[in-house]
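Me: I am new to this structure. Please show it to me, and then let me ask about the words used for it.

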Amino acid sequence: MRITKYDTELQDDYRNVLVKEFSKNYPTEDKLNNPEMISHMMCEIFRADRKAEEHVWVIAFTKKFSLIGIFDVPHGTASASLISTREIFVRLCLCGAVQFVLVHNHPSGDTTPSVEDIKVTERMKEAGQLMDIPCMDHIIIGKNGAYYSFTEHNIL
């Protein structure tokens with residue numbers, strides 16, 4: 001499977017455009033359609049379990065969970081990140097996503113969702129319903145590949 005990381009840039013007329021940052025082969029033929037597989041890939045390729053600050057990634061998918069691309073949205077501090085609904089959906093619309101998974105890390109290693117994590121998840125779920133691009137999961141990655149899936153815990 002080919003994992004492609006994208007970013008957005010402004011053109012001269014201030015339009016957002018997708019920019020491919022890198023691509024890397026990932027040794028699986030399976031679709032990334034469960035939290036364990038997603039968590040493992042994020043730790044292998046993006047070292048999500050080793051980041052010193054909170055990072056947020058948006059993984060864009062087709063309807064059949066074929067990977068379109070991954071976006072690293074602005075990251076924050078050792079204990080917080082800034083997640084903008086607008087910035088996420090700009091990226092999802094530009095790449096033609098039909099569904100997405102939100103992933104972020106907790107540098108403390110504790111995967112327990114904070115009150116803010118729960119609020120962000122609810123906001124993404126509502127925005128996804130409005131935009132018809134559903135948020136299929138929100139995964140928090142801790143130390144050594146430990147993860148928390150909102151879907152597995154029936155919160156999403």
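This is a predicted model: local features need pLDDT of at least 70, side-chain atom pairs count only at pLDDT 80 or more; totals for chains, interfaces and linings use all residues.

Me: How many helices and strands does the protein chain have, and what counts as one?

Reply: The protein chain has 3 helices and 7 strands. A helix is a DSSP run of H or I with at least four residues, a strand is a run of E with at least two, and both are numbered from the N terminus. Along the sequence the order is β-β-α-β-β-α-β-α-β-β.

Me: Why is the protein chain called as compact as a globular protein of its length?

Reply: Its radius of gyration is 15 Å, and the globule rule gives 15 Å for 156 residues, so the protein chain is as compact as a globular protein of that length. The radius is taken over C-alpha atoms, and the rule is 2.2 Å times the number of residues to the power 0.38. Along the principal axes, the C-alpha atoms fill a box of roughly 45 × 35 × 30 Å.

Me: Why is K5 called buried?

Reply: Buried means under 20% relative accessible area, exposed means over 50%, and partly exposed lies in between (1.4 Å probe, protein chains only). K5 has a relative accessible area of 10%, so K5 is buried. Its place is in strand β1, residues 2-10. Of the 156 residues of the protein chain, 44% count as buried.

Me: What makes the pair K5 and E21 a polar contact?

Reply: A polar contact is a pair of N or O atoms within 3.5 Å; within protein, one must be able to donate a hydrogen and the other to accept it, and residues adjacent in sequence count only if both atoms are side-chain atoms. The side chains of K5 and E21 are joined by such a contact, at 2.3 Å.

Me: Which residues does K5 touch, and what is a contact?

Reply: Contact means heavy atoms within 4.5 Å. Not counting residues up to four places away in sequence, K5 touches V19, K20, E21, F22, F46, I70 and D72.

Me: Why is D72 called partly exposed?

Reply: D72 has a relative accessible area of 24%, so D72 falls in the class partly exposed. D72 lies in strand β4. Leaving aside neighbours within four places in sequence, D72 is in contact with K5, Y6, H55, V56 and W57.

Me: Is R91 buried or exposed?

Reply: R91 has 7% relative accessibility, so R91 counts as buried. R91 sits in helix α2. It touches D7, T8, F71 and V73, not counting residues up to four places away in sequence.

Me: Which residues of α2 are buried, and what covers them?

Reply: In helix α2 (residues 85-95), the buried residues are I88, F89, V90, R91, L92 and C95. Their cover includes β1, β2 (16-25), β3 (56-61), β4 (67-73), β5 (99-105) and α3 (115-131). After α2 comes G96, with a positive phi near 80 degrees.

Me: How do you know that Y26 is buried?

Reply: Y26 has 8% relative accessibility, so Y26 counts as buried. Y26 is found in the loop between β2 and α1 (35-46). Among the residues that Y26 touches are M1, I3 and M37. A polar atom of the Y26 side chain lies 3.5 Å from the backbone nitrogen of M41.

Me: Why are D132 and N154 called exposed?

Reply: D132 has 63% relative accessibility, so D132 counts as exposed. N154 has 70%, so N154 counts as exposed. D132 lies in the loop between α3 and β6 (135-141), and N154 in the segment after β7 (147-149).

Me: What is phi in D132 and in N154?

Reply: Phi of D132 is near 60 degrees, a positive value in a residue other than glycine. N154 is not a glycine, yet its phi is positive, about 55 degrees.

Technical notes: Residues are numbered from 1 along each chain as its sequence is written. Side-chain values use heavy atoms; hydrogens and water are left out.
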